[in-house]
Amino acid sequence: GWTLITARNWVESGVYGIRLGDTWVTASAMSQPLGASFLVALSFKLFGVGLFQARMVMSLITVATLGLIFGITEKLYSKKSAWLAIFAILALAPLPSLQVLFVGREALGEIPMLFYLLAGYFFYAKAIETEASPKYIFLTALFWGLGIATKKQALPFWGASVALPFLLALYHKEKSVLRVLLISGVGAAIIAGGLLFYEAHLHSQTLPYGEAITAQLYQMAVWTTEPAIRKFALLLFAFTGLTSTLALLVRIPNLLSLREKKTLNANQWLELSLFVFVTSWLAWFLLGSLGWLRYYLPPHLIAAIFVGKLFEQWILNANLKRSTFWQKTVFFTIIALILYGFSTNIVAFRSATKYTDNSLRQLKSYLAENISTESIIESYESELFFLLPEYSFHFPPHSTQLELNHRDLFDPTAEISYSPFDGDFDYLITGGIETRWQLYKPDIDVENLILLRDFGDYQLYQHK
């Protein structure tokens, strides 16, 4: 919701921000970064403002990302591997949050980031093939810069995917590869810096909102060694990442042999970079992340490139009559993983599609008939800000979400500094976000609010 409302305000009012009453406040840390919100704003500008237009552009980016995964896999291995990579993404996603048919429609930053980065890796291979063609070096730098500016989270993993091949190129004295990596890497950093500077300029035209976000809260989002979270991340990875892990493991001998080769072709450089990107991101997910599925989605999708090769090499090309015990073990392990992934994907599809609810329609109808548009509504259900533009909303700052994360993950007794009663509002609407985070529960429990109507997914309260 935050990204959609920011994009609409940018298109309709020329302000890259969110309206809080009569004030424009910054969308920084609420909306997705510029690389994603620009796509939604462009769709609104060309086709009109609406939920369909937002989902349309994100779906197109998702299809383009799948196309890049197909193209890169075909380039590295074969067309059979490419189709198997797409099969793994679409048919073996164990959870709805990893199914691109669902998350690919949402206005999130992960899919646009992957599109930009994968395009950059594709042109990176082209630049090596053409012995440092300026055109392909520029395109590599452009798309890499867009990718790391869209999600700064990718920066260390992208950096590792450039640094390790750079060291190997130094060892092999591959001057053209060094030129490609150096110029495109520096160029990507400059482009990303320029985009981030422009985004900061857009945010500076609105007012800051809420308490300053402390380094401690930022650190929590970047690295944590909390045992319970590490255990959760490991269990989640065990549930979702076994196929990817096996696919990466079987490629290690091939990649280790690159050090002994006198020269490497473009595909070998590309495969090495992608391998380093995926494995470094997975290492962070297991060792230091909060273990959220959104953090796992990018390496999960890129790892499908290697999964496609795994399926072709060990399933399609398998000869069980002449196989060793080890080869047969790998074969049946992969078959078991495919059956497991396919069954969990079916369960995920059913759970995501069987639920239907008209709570939003009922809520909108009730508000139109009973609540004045001059009323101030408090809510943390950000989709309502976009779907109910005729109403004035009040909402907590982003620092509140970081406090909620801290309470949820580290200290259940931690108090949340935000209270809706610090401001003025007439009604409160709660929904799925409130069910997850329980931000307003203390105020509801002490009967400062009167429940007017329960619509199922949404509840409407009146301020006493």
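These legends describe close-up views of a predicted model.

**View 1**
Helix 2 covers residues 34-47, a run of 14 residues. At 1.5 Å a residue, helix 2 should span 20 Å. Its end C-alpha atoms lie 19 Å apart, which agrees. Buried residues of helix 2 are L34, G35, A36, S37, L39, V40, A41, S43 and F44. Their cover includes helix 1 (2-13), helix 3 (51-76) and helix 6 (110-129). It also includes helix 7 (134-150), helix 9 (175-204) and helix 19 (382-387). After helix 2 comes G48, with a positive phi near 95°.

**View 2. I61 in helix 3.**
I61 sits in helix 3. Its relative accessible area is 10%, so I61 is buried. Leaving out residues up to four places away in sequence, I61 touches L39, I111, P112 and F115. One of these, L39, is itself a buried residue of helix 2. H201 is 140 residues from I61 along the chain. The C-alpha atoms of I61 and H201 are 26 Å apart.

**View 3. The largest cavity.**
Searching the whole structure gives one cavity of 30 Å³ or more. The largest cavity holds about 190 Å³ of space. Its lining has 18 residues, with L92, T240, T243, S244 and H300 nearest the centre. At least two lining residues each come from helix 4 (79-91), helix 11 (227-240), helix 12 (242-249), helix 16 (304-316) and helix 17 (325-353). Helix 17 gives the most, with four residues. By type, the lining has eleven nonpolar, seven polar and no charged residues.

**View 4. The second largest pocket.**
Helix 1, strand 1 (17-20) and strand 4 (392-394) each give two or more residues to the lining. Helix 1 has the largest share, five residues. The lining of the second largest pocket contains nine nonpolar, four polar and three charged residues.

**View 5. The salt bridge between R294 and E110.**
The whole structure has seven salt bridges. In one of them, R294 pairs with E110, and the closest N and O atoms are 3.1 Å apart. R294 belongs to helix 15 (residues 293-302) and E110 to helix 6, so the pair ties together parts 184 residues apart in sequence. R294 is partly exposed, at 36% relative accessible area. E110 counts as buried, at 2% relative accessibility. A network of salt bridges links E110, K151 and R294.

**View 6. The salt bridge between R251 and E271.**
R251 and E271 form a salt bridge, with the closest N and O atoms 2.9 Å apart. R251 is in the loop between helix 12 and helix 13 (252-256), while E271 is in helix 14 (residues 266-287). The two are 20 residues apart. Both R251 and E271 are buried.

**View 7. The salt bridge between R436 and D408.**
R436 forms a salt bridge with D408, and 3.1 Å separates the closest N and O atoms. R436 lies in helix 21 (residues 432-437) and D408 in helix 20 (residues 398-409), 28 residues apart. R436 is partly exposed, at 42% relative accessibility. D408 is partly exposed too, with a relative accessible area of 40%.

**View 8. K152 in a loop.**
K152 is found in the loop between helix 7 and helix 8 (155-172). Its relative accessible area is 54%, so K152 is exposed. S176 is 24 residues from K152 along the chain. Their C-alpha atoms are separated by 28 Å.

Conventions:
Residues numbered from 1 in each chain as written. Predicted model: local features only at pLDDT ≥ 70, side-chain atom pairs only at ≥ 80, totals over all residues. Heavy atoms only, no water. Expected span 1.5 Å × (residues − 1). Buried < 20%, exposed > 50% of the residue type's maximum accessible area, 1.4 Å probe, protein only. Contact = heavy atoms within 4.5 Å. 1 Å grid on protein atoms, 1.4 Å probe; cavity = no way out; pocket = protein on both sides within 12 Å on 5 of 7 lines; lining within 4 Å. Points joined across faces, edges and corners; volume = space filled by probe spheres on them. Nonpolar A, V, L, I, M, F, W, Y, C, P; charged D, E, K, R; others polar. Salt bridge = Lys/Arg side-chain N within 4 Å of Asp/Glu carboxyl O.
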